[in-house]
Amino acid sequence: MSVLITTLMAILVLGAMALLFGAILGFASVKFHVEGDPLAEQVDAILPQTQCGQCGYPGCKPYAEAVANGEAINKCAPGGDDTIKKIADLMGVEPPPLDENHDTDNSPKVAFIIEEDCIGCTKCIQACPVDAIIGTTKQMHTIIADECTGCDLCVEPCPVDCIVMIPIAKTPQNWQWDLNNIPLVQLD
Amino acid sequence: MGSVIERIKQGKFWTFHGGIHPPEQKFLTTGKPIRAVSIPEELILPLQQHIGISADLQVSVGDKVLKGQALTQSTHPMAVPIHAPTSGTITAIKNAVIAHPSGLSELCLFITPDGKDEWRERHICTDLDILTTNDLMGKISSAGISGMGGAGFPTQVKVSTPEKIKFLIINAAECEPYITADDLLIREQSPSILDGINILDKILSPDYILIGIEDNKPEAIKVLQQATAENERTQVCVLPTKYPTGGEKQLIQILTGQEVPAGVLPSSLGIVMQNIATCFAIADAVINDIPLIKRVVTVSGQALKKPQNIWALLGTPVGFLLEHCGYANKDKKHVIIGGPMMGYSLPTDQVPVVKTTNCILAPSEKEISSPYSTGTGEVECIRCGQCSDVCPAQLLPQELQWSAKAKDHQQLNKLNLFDCIECGACAYVCPSQIPLVNYYRIAKSEIRQQTQLDIKAEHAKVRFEARKERLARDKIAREEKQKVAAEARKARMNSGTTEAKSEMSAVAQALARVKAKKAQTTVQATTNEETPSVNDGQKSQVAAAIARAKAKKLAAQQNKFVEKPIVVNENTDVLKPVDDKKAKVAAAVAKAKARKLVKKTHEKVLNVCSTVIEEKTEQVSKAEKAVIDKKTKAAAAVAKAKARKLANKKNDKALNTDDSAINENIEQVINTEKAVADKKTKIAAAVAKAKVRKLANKTNDKALNTDDSAINENVEQVSNTEKTVADKKTKIAAAVAKAKARKLAEQKTTVDATPSNEITNEQTE
């Protein structure tokens, strides 16, 4: 009899404890719920934010959302292989080569308006995703070079073809070292 | 702190981790005095010779400048001005190769000296005590002084620290092999250097002044000790020779035992360090009012016959100095700027001496082999660990090297890559001859660039989001505005006032008009075939409608033969026998074709391109011609109808009046035609211009002459065809007018027998 009581007691106590802890855990999971950093946000942080639409999506964020939902990760031409590698690392997949349907020339460029040819149609202003073009109707437009992401979107709408993409020049400030160095040898 | 000074007074110092003892090679130049050389034929002054930004240019080409005159100016603290090293003329302001490992060009001023060496007005200060700290700092700033040890940090920024300074450390260690510039400067100019130190003392008022000097310069040490003998607060610290003692962080550690944390300036520890050559420059600037226009440069190396220290004007080409030192190795030039440990090879000897140039090294092939004649000789890392033994920053060079090769930026940051001072000790001891420092430099510049890109991307993202928000806001605002306007209109109409009534009736009238017009057109459509005109007023309208319909039909037919469906749509939509619209249509056709053409011709070579363009221009002109034909036909129909009407009306009137009226009509028609033709030629010219630009772009690598001729031909062709079109048009108009006149005459003579009379009969019926 006492064995039965002890067993019952044990079951009751353990059951009560289980209920208690379950309740605490349940409460904690609701109360201290952590909003996990969504994948799309992380992918968006990797993308170069040129907003060029070369991936087929209207901007970097929509593409990031698409990637989070299973879209191919190799469609970002301006980002190139570096970006693909980073997204692959994030997603835990093998980095595929850049989609060949997309422009592989991802050298940094900046748009330039040939000002004497500009007719002031404002079409490029409407196309610019980062508002880097200033000008108004029938007035000459110009591009704020520092704000331009080199996305190419303003070139197509121009009716007089007065926008050209200029590669960013190499200066001692943005130059990258190469191995053309001084070899150091033991002097005698 | 007391203990620090006690230790130093006892000659005890701390030490830094690692370090090496490379062959010093200072004997080449240490025994000879600093030599003054003549003024070179041309001075090349880069606008930026320091860390920071370049100041604003104050002179232009052709200006005469005096020695010491400021050539650039700025109020920005990180912008240091430059001065004319001698009097002369500015001959050019252009990009030239500067002393930078990249061998890239930057904006430089070219001065041709006039040989007079004429000074600008100078204000020599005889009493330092009357100058306030601000005066002193202003003088240092306007004299363009930046650190002369190698990095080139603006001195004025360094001395204007708000921190309380415990130690002012004067760096005279000069640990890099070959270089003896500071050694010689101390021996020859110690009074001035002491003045400079006193000025810094006055500005910073430190507790102690420590002069750090390596024990391989006994003469300089003696001079300094004598000069500072009576000053209690100034200590000459003779340090054991070890590379890189002269590194800022290393020297601080040796003298004070403190390590400067990563990303922190020494001033936050109460320490400011200045190079000894900078002290001399400060004294010269404050006392003698001589801005930084010259410096001591060690020109050394076994490829030289007479290696020596030289007082070089800033802007002197390196080749000029080498020549003065008897450079023999003419055929195999290998010149290094800076020492053998931290320097870099020059692509040309026409680069100028700048504020940070302390050494020009012309080694023989045996000393340091040229990177152009031999490879780097790099072999695999054998994990010997010697590099981490000698690293003065206590990093892990081999780990860094692997991560740098793998471009693992995260790992590089974890390994504190940016604490590397690029001293080259690791590469010096590496038995595998791995150029470790270069891998670090590459990695550093990559990380810096990536950081820049990240900042830019973040910025672009913010702007993109802001734009999206703005568009959404505008849309809502627009909708709201429209809603408000619509509601206001409704309210006004329902208000029952007379205005509202009139407005309502206006709307009703407009609706009625639309209905009436619809009805009229249907009636016209039905009556057109049977009764061409009802009365004189309507007759011309009907004729116009017929002509319009015909023109439309013809245009539609014609457009079936045109390739592009978009063009067809545009044409059929807007083509009306109104001259303006037609011109627009023609313009649109031309533009669309031009654009299409441009796209098509992208992949083709120039020849194919031009022929295609010719073809297309022909097509365009044909299409235009066809359009014009239709137009003239339509106009002719209108004129015919009018003429008929007139004939009917004025049967009994004199011929002359009729003729004049008709002529007037015809003239009007011709005039409008001409106007259209003008517009067309303009459009054609614009199209031609666009094409020319496209062509020009494409044929960049081809000879310009052939280009131009081809383009000119094209333009000529286009304008010719346009002209012929215009000519033809006027001819057609004339022919039409002639035909009309003849018809009219016929009508006049045989009034009853002509078919036109039948129409009149029908009308009357």
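This is a predicted model: local features need pLDDT of at least 70, side-chain atom pairs count only at pLDDT 80 or more; totals for chains, interfaces and linings use all residues.
The crossing of helix 11 of chain B past helix 14 of chain B is left-handed. On the side of helix 11, the contact is formed by B:Pro397, B:Leu400, B:Gln401, B:Ala404 and B:Lys405. Helix 14 contributes B:Leu436, B:Tyr439, B:Tyr440, B:Ile442 and B:Ala443. Sorted by class, this contact has eight nonpolar residues, one polar and one charged.

Chain B also holds an open sheet of six strands, in the order 1-15-14-18-16-17 and with mixed pairing. Its edge strands are strand 1 (35-36) and strand 17 (344-345), each of which pairs on one side only. Strand 1 runs parallel to strand 15 (residues 308-313), to which two bridges join it. In this part of the sheet, B:Ala36 is opposite B:Trp311 of strand 15. Helix 5 of chain B (residues 181-204) packs on the sheet and touches strand 14 (294-300), strand 15 and strand 18 (359-361). The directions of helix 5 and strand 14 make an angle of about 125 degrees.

Elsewhere in the chain, B:Ile209 belongs to strand 11 (residues 208-214) of chain B. B:Ile209 counts as buried because 21 other C-beta atoms lie within 10 Å, where 20 or more are required. Beyond four places in sequence, B:Ile209 has contacts that include B:Leu168, B:Ile170, B:Ile197 and B:Arg233. B:Glu232 is 23 residues away along the chain, with a C-alpha separation of 9.4 Å from B:Ile209.

Definitions and conventions: Residues are numbered from 1 along each chain as its sequence is written. Chains are lettered from A and ligands numbered from 1 in the order in which they are written. Helices (H or I, at least four residues) and strands (E, at least two) are DSSP runs, numbered from the N terminus. A residue is buried if 20 or more other C-beta atoms lie within 10 Å of its own, exposed if 12 or fewer, and partly exposed in between; C-beta atoms are placed from the backbone. Two residues are in contact if their C-beta atoms, placed from the backbone, lie within 7 Å. Two strands pair if DSSP finds at least two bridges between them. Axes are lines fitted to C-alpha atoms, for helices over the stretch in contact, and angles run from 0 to 180 degrees between N-to-C directions. A crossing is left-handed if the near helix is turned anticlockwise from the far one by less than a right angle, and right-handed if clockwise. Ala, Val, Leu, Ile, Met, Phe, Trp, Tyr, Cys and Pro count as nonpolar, Asp, Glu, Lys and Arg as charged, and the others, Gly among them, as polar.
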